[in-house]
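Let's take a friendly walk through a protein chain together. Keep the picture at hand and look for each part as it comes up.

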Amino acid sequence: MKRFNFTGRKKIFREDVSIRLCGGFYEKPVVNVSVNLADYNLSPDSIVFLEAQSRTRFSRERLGGVSPSVRKNAISLEQFDDAENLSFRIKVVDECRGLLEAIAENIKPYDKDDNPADHHKSILPVASADLLSYGGLWRVDYDDQNATLQIEQELGSKDQVVRSLLFRGFILPAAMRQILAKIVYGDWDPDLSDPEELSTRWLLFVKQIGGDVPEVNTDDHEDWLDDAVRYICNRISVRNQIIEEFDSGVWK
């Protein structure tokens, strides 16, 4: 039996909501949404809405009227550059009475292969930093079992930088290759037995996006690194956008 929260609004259980990405977590999000409302006894005149939010960005999409199963596919979320840190709400609203009838909050999307958002978060956190003494505009900082991509704070807000084509097409693949090179030319566990260990997390990430585990008995991993970066770039998927941007002669 479905229960009410203290405001009288019905709580839609997470198992009754499915939000799946049509592409990858690093692409402009397009989602398929399914909401099971068969057991909630809602007004047939109410409207179901999908709300998406990431940091300061927000969008709202009308899914349709209440029915036992509400579905809408290929919803393009143009306000967002990718699906990182994206969360959703489902709201059922009686617009005539100005009443919020039911809600599901903090719903995380799944990708097209049915992997949850948590599998795609924080493989490479990004932070603004003062890099004046370093001399470059970015660097990878290692701390215990974490790697953080530091971006020169004078470039602007971190959120703006990470959404830029320059960052996604040039800086991010180079930083990821640097981390992977440090891993494969160092000590790493071929059995990938400890998912909390930095090298294991990164090698599992490469497997997840289509790559292989590097060979153990070799001193040359350059071909493997090239393949890994190719998978990463396919995942980020901004190559054609960058070529179109630079086709007008941006280089000076």
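The tour goes from the whole chain to its sheets and then to its helices.

**Before we start**

This is a predicted model, in which local features need pLDDT of at least 70 and side-chain atom pairs count only at pLDDT 80 or more, while totals for chains, interfaces and linings use all residues. Residues are numbered from 1 along each chain as its sequence is written, and side-chain values use heavy atoms, with hydrogens and water left out.

**The whole chain**

The chain has 5 helices and 11 strands. Here, helices (H or I, at least four residues) and strands (E, at least two) are DSSP runs, numbered from the N terminus. Along its principal axes, the C-alpha trace spans about 65 × 45 × 30 Å. Of the 252 residues in the chain, 41% are buried. Buried means under 20% relative accessible area, exposed means over 50%, and partly exposed lies in between (1.4 Å probe, protein chains only). Among contacts with a separation of 6 or more, 58% are between residues 24 or more positions apart; a contact means heavy atoms within 4.5 Å.

**Strands and their partners**

Two strands pair if DSSP finds at least two bridges between them.

| Strand pair | Direction | Bridges |
|---|---|---|
| β3 and β6 | antiparallel | 6 bridges |
| β4 and β5 | antiparallel | 8 bridges |
| β4 and β7 | antiparallel | 7 bridges |
| β9 and β11 | parallel | 4 bridges |

S34 has R71 in β6 as its partner, and F49 has R62 in β5. E51 stands opposite R89 in β7, and S128 stands opposite I151 in β11.

Start with the open sheet of 3 strands in the order β2-β3-β6, where the pairing is antiparallel. Which strands stand at its edges? They are β2 (17-21) and β6 (69-76); each has a single partner strand, so one side of each lacks a neighbour in the sheet. On average, neighbouring strands here are turned by 10° against each other, direction ignored. For such angles, axes are lines fitted to C-alpha atoms (for helices over the stretch in contact), and angles run from 0 to 180 degrees between N-to-C directions.

Next comes β4, a mostly covered strand with 7 of its 8 residues buried. In the loop between β3 and β4 (47-54) you will find D45. Is D45 buried or exposed? Its relative accessibility is 62%, so D45 counts as exposed. The C-alpha atom of D45 is 8.5 Å from that of E95, although the two residues are 50 residues apart along the chain.

Another open sheet has 3 strands in the order β9-β11-β10, with mixed pairing. Its edges are β9 (126-129) and β10 (138-143), each with a single partner strand, so one side of each has no neighbour in the sheet. Neighbouring strands of this sheet are turned by 35° against each other on average, direction ignored. Helix α2 packs on the sheet, touching β9, β10 and β11, and the direction of α2 makes about 35° with that of β10.

**Helices that meet**

The axes of α2 (residues 165-184) and α3 (residues 198-208) come within 10 Å and cross at roughly 120°. The two helices are therefore oblique to each other. Angles under 35 degrees count as roughly parallel, over 145 as roughly antiparallel, 65 to 115 as roughly perpendicular and the rest as oblique. On the α2 side, the contact includes M176, I179 and L180; on the α3 side, W202, L203 and F205 are among the residues involved. By class, this contact has 10 nonpolar, 1 polar and no charged residues. Ala, Val, Leu, Ile, Met, Phe, Trp, Tyr, Cys and Pro count as nonpolar, Asp, Glu, Lys and Arg as charged, and the others, Gly among them, as polar.

Helix α2 also meets α4 (residues 222-236): their axes come within 10 Å and cross at roughly 145°. M176 and L180 are among the α2 residues in this contact, and W224 and L225 are among those of α4. This contact has 13 nonpolar, no polar and 4 charged residues.

What covers the buried residues of α3? The cover includes β10, β11, α2 and α4. Among the buried residues of α3 are L198, W202 and V206. After α3 comes G210, which has a positive phi near 120°.
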